Amino acid sequence: MANDTAVTTSMANLRAHCSQDVSSTRFWRLTSEQRDETFARLREREPVSWQRPVEDAVSPDPDDPGYWAVVRHTDIVTVSRDHRTFVSGHGVQFDLLPTEVLEMSQSFLAMDPPRHDRLRRLVSAAFTPKRISVLDDHVRTAAREVVDGFARETGEIDFVERCAAQLPVRVFADMFGVPYSLRGSVREGAAAIMAWADPESLAGRSPAELQMTGCTTLHGIASELVAWRRKTPTDDLFSGLVHARIDGQQLTDAEIGAFFVLMAVAGTDTTTHTASLTVKALGDAPDQRDWLLTDYDARIHTAVEEFIRFASPVMTFRRTATRETTLGGQTIQPGEKVVMFYSSGNRDTAAFHEPARLDLSRNPNPHVGFGGGGIHYCLGNQLARTTLRELFRQLLTRLPDLSAGEPDLLGTNFMRGVKRLPVTFTPER
Ligand code: HEM
């Protein structure tokens, strides 16, 4: 095996890097529209291209030969659905992250069967359509209260701070039984983990330091919750985890902590950024907003799919090949890294008519915003849809002239995020 790896590494080192570079920090500081010009060329000419290692990695590896960039919708679906050829257990991040951060944060996202399936099954019960529909009323109330919090004010707020970041944390915290006093810390911890490549968020710290701060904060909260649930079991998700057995053994505190970090990060920032990007997109396409408002209940289902396709907040995820295989005309060797660019798949003209246009009636809409299918398909997809549906019900019906200014974007290669978004509206009476 050591010899195989050496052969693979030297072959990879011999490969010429693609002239369309998607690894530079500069590239990830462009707008998504600017980046898509490069992705469009790649989709057309080199749908699977060999790329140099990502620049300014959090934890650079001098032996890292690079990775395959997969940019077409069809190839993303192929990789996502073949979890035997393309595994997650060697890491799912495009950037190289410190081992401690990976261990503290990724849980079953970065595992393969059978352990992935067992852990995922443990929590799937909380995400069945039936449980989510019970949550509907709860999410609706939470959305109303979040909008109540600013709707009568001066009519000028930072949408991210006052609205988009509030609701997903509240929904997550209620599911996990996180007390009110710790919610701000959940949000800060999750945001720190996601902001590792953003100079402003770093504020002089190294990316690894920032991520560790986030992981430590969230593990601290998880430990408190574990201790409470051991003493006083309830019927919430956290009690289920504390008392569950996998292969006859209880989960360790570290495993529960990693699970909590995964859920906090996967379940909050993603929906927050989708909401902010959608407010901006609807402001730029008032005809679409009017179309939706004309019959909200009948139209919101196709609209939410388009919100997610258009925003594509999770831009990349990685796999590692386990055997020689061919994709997009390229031969991939075992051990080579394969990065899926969901944001590019969601702009592929082979899958979507006029993909650069927001079309809330788009149907079918086979977007890969929640992944391309397969065993790692987003566990929280229904909850995310419900949260967006209820939030936009409040926003569009109560503040119909809500209008967004220019977003201040997060400069990372993983999350398409918004740090600040000024909005104006006529206050409610
Ligand atoms: C708009 C919001 C969201 C987007 C765009 C999104 C996107 C994604 C994507 C692309 C993946 C696939 C990862 C892969 O292929 O390796 C994923 C996985 C996951 N998501 Fe989401 N997500 C969202 C909301 C949520 C929410 C609300 C939760 C939970 C509360 C959640 C929990 C998870 C978990 C646990 C996984 C890992 C699944 C596994 O590995 O089996 N997500 N998500």
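The model is predicted, with local features requiring pLDDT of at least 70 and side-chain atom pairs counted only at pLDDT 80 or more, while totals for chains, interfaces and linings use all residues. Residues are numbered from 1 along each chain as its sequence is written, and side-chain values use heavy atoms, with hydrogens and water left out.

Arg319 places a polar side-chain atom 2.9 Å from a ligand oxygen atom, and a polar backbone atom of Ile375 is 3.4 Å from an oxygen atom of the ligand. Two or more residues of the shell come from each of α6 (115-124), α14 (253-284), β7 and α18; helices (H or I, at least four residues) and strands (E, at least two) are DSSP runs, numbered from the N terminus. Helix α14 gives the largest share of this shell, six residues. In total, 26 residues surround the ligand, and the closest are His116, Arg120, Tyr342, His376 and Cys378; a residue is near a molecule or strand if one of its heavy atoms lies within 4 Å of it.

The iron atom of the ligand has a single protein donor, the SG atom of Cys378, at 2.3 Å. Donors are N, O and S atoms within 2.8 Å of the metal (3.2 Å for Na, K and Ca), and water is not among the atoms, so sites may look incomplete. Cys378 belongs to the loop between α17 (342-345) and α18 (381-398).

Strand β10 pairs with two other strands, where pairing requires that DSSP finds at least two bridges between them. With strand β2 (residues 67-70) the pairing is parallel and extends over four bridges; Trp68 stands opposite Val338 of β10. With strand β7 (residues 316-321) the pairing is antiparallel, over five bridges, and Met340 in β10 is the bridge partner of Phe317. Five of the five residues of β10 are buried, so the strand is largely enclosed by the rest of the structure; buried means under 20% relative accessible area, exposed over 50%, and partly exposed in between (1.4 Å probe, protein chains only). Both faces of β10 are covered, with Lys337, Val339 and Phe341 buried on one side and Val338 and Met340 buried on the other.

A separate description applies to an open sheet of three strands, which has the order β4-β14-β11 and antiparallel pairing. Its edge strands, each pairing on one side only, are β4 (156-158) and β11 (403-404). Strand β4 is joined to strand β14 (residues 422-424) by three bridges in the antiparallel sense, and Ile157 has Val423 of β14 as its bridge partner.

The structure contains 21 aromatic pairs. Rings of Phe, Tyr and Trp (its six-membered ring) pair if their centres lie within 6.5 Å, and planes under 30 degrees apart count as stacked, over 60 as edge-to-face and the rest as tilted. For Phe27 and Phe39, the ring centres are 5.6 Å apart and the planes are at 80°, so the pair is edge-to-face. This pair links distant parts of the chain, 12 residues apart, with Phe27 in helix α2 (residues 25-29) and Phe39 in helix α3 (residues 32-45). Both Phe27 and Phe39 are buried. Phe39 also forms a tilted pair with Phe341, at 5.3 Å centre to centre and 45° between the planes. Because Phe39 lies in helix α3 and Phe341 in strand β10 (residues 337-341), this pair ties together parts that are 302 residues apart in sequence. The relative accessible area of Phe39 is 3%, and Phe341 is buried at 0% relative accessibility. Ring pairs link Phe27, Trp28, Phe39, Tyr67, Phe94 and Phe341 into a cluster.

Charged side chains also sit over rings, a term applied if NZ of Lys or CZ of Arg is within 6 Å of the ring centre and within 35 degrees of the ring normal. The charged end of Arg15 is placed over the ring of Trp50, 5.1 Å from its centre, and that of Arg347 over the ring of Phe310, 4.8 Å from its centre.

How values were computed. Polar contact = N/O pair within 3.5 Å; in protein donor to acceptor, adjacent residues only side chain to side chain.
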